[in-house]
Amino acid sequence: MMSTLNLLEKPTILSKGIYFQLPVKIILLDETIIRSNEPEEVLTFGYKRLGNRFIIPWRKIKGKLRRLVLEKQRFYEIEPQCSLKDDLCMKCPTCFLFGGTGDTSSSKVKYNILSRIYGETFISGSEVTQITPYTANAVSEKDYTTGQALMSILTIPKETVFYGVITLKDPTKEMVSILVENIKRLTRLGARSVEWGRVQTEIQGYRLSDKEELSAYYALKGEPDFGELNDISELDLPNIREAYSKTNEHVKELIAKLGN
Ligand SMILES: [Zn+2]
């Protein structure tokens with residue numbers, strides 16, 4: 001079937017129902033330990049079909065990706081005051097791509113922005129095998145008595161591979177360029193990056209569709225099979241500086257149309 005779907009020339013306020021999907025592979029370069037009694041970036045989950053797997057929740061990846069997109073934007077001096085801590089400007093490429101709520105940001109604008117970037121839980125390609133239950137003596141600081149605290153220590157072996165799909169809705173070439181460039185810059189995960197292992201991130205290709213077609217969950221049978229994917233290099237994407245400045249112009253045009 002001939003595809004008539006194309007990337008958009010300019011972003012639109014209302015969705016055109018075009019989904020740009022990128023299967024992404026994240027490879028752990030260091031061995032990482034997770035403890036069950038602390039909030040962690042990687043967890044385990046028991047799937048009926050896939051067994052026990054390590055997972056990285058999408059919100060963790062999205063949070064890190066947003067931070068990277070914003071950093072790069074500041075490097076190009078576009079809305080450099082925009083900040084993730086309740087200080088969203090609501091008019092920059094990063095806010096446009098990842099969304100924001102007008103009345104909770106300091107800009108107090110009357111509109112909200114829905115995220116155009118969607119994702120799913122990243123799932124490890126192999127099952128969890130090494131689980132070390134571990135009992136630690138927790139000494140109470142108040143009375144110096146010793147109590148037993150049970151915690152589970154899990155080792156995620158290095159070279160563990162995670163699979164997931166990142167989706168960009170209603171994409172322009174410039175938006176794709178920003179997303180692709182920053183996915184490649186994902187070299188560590190989590191907020192407390194210093195305590196965390198390094199990762200290598202690879203984009204496996206892309207698919208343009210009128211729906212969200214791809215999912216690592218359905219594709220995972222050992223190595224996931226996403227079927228036929230297109231090569232990113234065929235897209236002839238604008239360079240990253242141009243992508244940011246064009247998207248910035250496009251966002252300003254859209255906001256002007258809203259009459260704010
Ligand atoms: Zn912003």
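Helices and strands are taken here as DSSP runs, with helices (H or I) of at least four residues and strands (E) of at least two, numbered from the N terminus. On that basis, E159 of this predicted model lies in the loop that links β8 (146-156) to β9. Although E159 is not a glycine, its phi is positive, at about 75°. E159 has 12 C-beta neighbours inside 10 Å, and a residue with 12 or fewer counts as exposed, so E159 belongs to the exposed class.

We can turn next to the strands, starting with a hairpin. Strands β3 (residues 43-47) and β4 (residues 51-56) run antiparallel and are joined by five bridges. Three residues lie between the two strands of this hairpin, and Y47 stands opposite G51 of β4. Strand β4 also pairs with β6 (residues 122-127), again in antiparallel fashion, through three bridges. Within this pairing, I56 has F122 as its bridge partner in β6, while R53 is partnered by E127. From β6 the pairing can be followed on to β9 (residues 161-169), an antiparallel neighbour held by two bridges. Here I123 faces Y163 of β9. As a general point, side chains in a regular strand alternate between the two faces of the sheet.

Leaving aside residues up to four places away in sequence, L220 touches L50, I123, G125 and Y163. L220 and I123 are separated by 97 residues in sequence, yet their C-alpha atoms are 8.6 Å apart in space. L220 has 19 C-beta neighbours inside 10 Å; since burial requires 20 or more, this residue counts as partly exposed.

In one of them, α3 packs against α5 (residues 240-258) at an angle of about 130°, with the axes 8 Å apart. The two helices are therefore oblique to each other, and α3 passes α5 in a left-handed crossing. On the α3 side the contact is made by E174, M175, S177, I178 and E181, which meet I240, A243, Y244, K246 and T247 of α5. By residue class, this contact holds five nonpolar, two polar and three charged residues.

In the other arrangement, α3 meets α1 (residues 58-75), with axes that come within 9 Å and cross at roughly 110°. That angle makes α1 and α3 roughly perpendicular, because the range for this class is 65 to 115 degrees. The crossing of α1 past α3 is right-handed. L65, L68, V69 and K72 of α1 meet I178, N182 and I183 of α3, a set that divides into five nonpolar residues, one polar and one charged.

Note on methods
Residues are numbered from 1 along each chain as its sequence is written. This is a predicted model: local features need pLDDT of at least 70, side-chain atom pairs count only at pLDDT 80 or more; totals for chains, interfaces and linings use all residues. Two strands pair if DSSP finds at least two bridges between them. Axes are lines fitted to C-alpha atoms, for helices over the stretch in contact, and angles run from 0 to 180 degrees between N-to-C directions. Angles under 35 degrees count as roughly parallel, over 145 as roughly antiparallel, 65 to 115 as roughly perpendicular and the rest as oblique. A crossing is left-handed if the near helix is turned anticlockwise from the far one by less than a right angle, and right-handed if clockwise. Two residues are in contact if their C-beta atoms, placed from the backbone, lie within 7 Å. Ala, Val, Leu, Ile, Met, Phe, Trp, Tyr, Cys and Pro count as nonpolar, Asp, Glu, Lys and Arg as charged, and the others, Gly among them, as polar.
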